[in-house]
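Please walk through the packing of this model with the viewer open.

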Amino acid sequence: MVRKKLLIDSLIIFLIFISPFLYYLYEYSPDGDVWKTNWFTITSNGYQDLYISFWMYLSKIIPLLLLILWFLTCKHWWYHIILVPIAMYAFQLVNALYKNSLKVDEIEIYWLIPIMMVVVPIVYLIRIKLFDKLVLGIDLKKIEAELEEYERKEKEVSESDKLK
């Protein structure tokens with residue numbers, strides 16, 4: 001168990017450590033519009049050349065990778081809000097990969113709004129519950145238990161009044 005956790009933590013640290021080096025891999029892209037090997041062929045996908053397309057892809061993949069690592073390892077109550085920038089970079093990456101267009105990073109906000117409409121209220125509700133419990137000292141379970149006890153006593157009094 002400890003060995004597995006150590007291995008996973010080491011992998012996460014290694015990925016974070018090499019992220020700047022991975023980002024600058026576009027510097028080593030081949031010249032031209034097409035890169036052909038025995039296993040794959042990569043085109044510039046509408047960009048000026050492979051250098052620009054690799055730069056565009058890596059400028060989306062690396063922050064997305066780091067945000068996903070942050071989301072998976074975050075222990076704070078607000079970690080769900082990290083889904084908003086994750087969604088933004090994911091939409092931008094999909095747009096950069098599959099769209100043969102000069103308009104990049106322009107319409108992703110319209111895809112992001114529905115995600116924000118779900119995630120932000122959930123995070124805000126979590127915040128309110130934590131604020132009530134930790135700062136104001138309001139425990140909803142205790143309040144419900146007190147209300148049930150009050151209702152039980154009220155029923156007893158009403159039943160005793162009926163018997164008289």
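Apart from residues up to four places away in sequence, Phe-54 touches Tyr-26, Ser-29, Pro-30, Trp-35 and Ile-42, where a contact means heavy atoms within 4.5 Å. The model is predicted: local features need pLDDT of at least 70, side-chain atom pairs count only at pLDDT 80 or more, and totals for chains, interfaces and linings use all residues. Residues are numbered from 1 along each chain as its sequence is written, and side-chain values use heavy atoms, with hydrogens and water left out.

Phe-54 belongs to the largest nonpolar core, whose nine residues are Tyr-26, Tyr-47, Leu-50, Phe-54, Met-56, Tyr-57, Leu-58, Ala-96 and Val-104. Such a core is a set of buried Ala, Val, Leu, Ile, Met, Phe, Trp, Tyr and Cys residues joined through side-chain atoms within 4.5 Å. Buried means under 20% relative accessible area, exposed over 50%, and partly exposed in between (1.4 Å probe, protein chains only). Helix H2 (residues 50-73) supplies the largest share of this core, five residues. Helices are DSSP runs of H or I with at least four residues, numbered from the N terminus. A second, separate core has seven residues, among them Leu-64, Leu-67, Ile-82 and Leu-93.

How do H2 and H3 pack? Their axes are 9 Å apart, at an angle of about 155°; axes are lines fitted to C-alpha atoms over the stretch in contact, and angles run from 0 to 180 degrees between N-to-C directions. The two helices are therefore roughly antiparallel to each other, a label for angles over 145 degrees. On the H2 side, the residues that meet H3 include Met-56, Tyr-57, Leu-64, Leu-67 and Phe-71. Their partners in H3 include Leu-83, Ile-86, Tyr-89, Leu-93 and Ala-96.

The loop between H2 and helix H3 (83-98) holds Tyr-79. Tyr-79 is partly exposed, with a relative accessible area of 26%. Leaving aside neighbours within four places in sequence, Tyr-79 is in contact with Phe-71 and Cys-74. The C-alpha atoms of Tyr-79 and Val-123 lie 8.4 Å apart, although the two are 44 residues apart in sequence.

Is Ser-19 buried or exposed? Ser-19, in helix H1 (residues 2-23), is buried, with a relative accessible area of 7%. Not counting residues up to four places away in sequence, Ser-19 touches Ile-62 and Leu-66.

Conventions:
Parallel < 35°, antiparallel > 145°, perpendicular 65-115°, else oblique.
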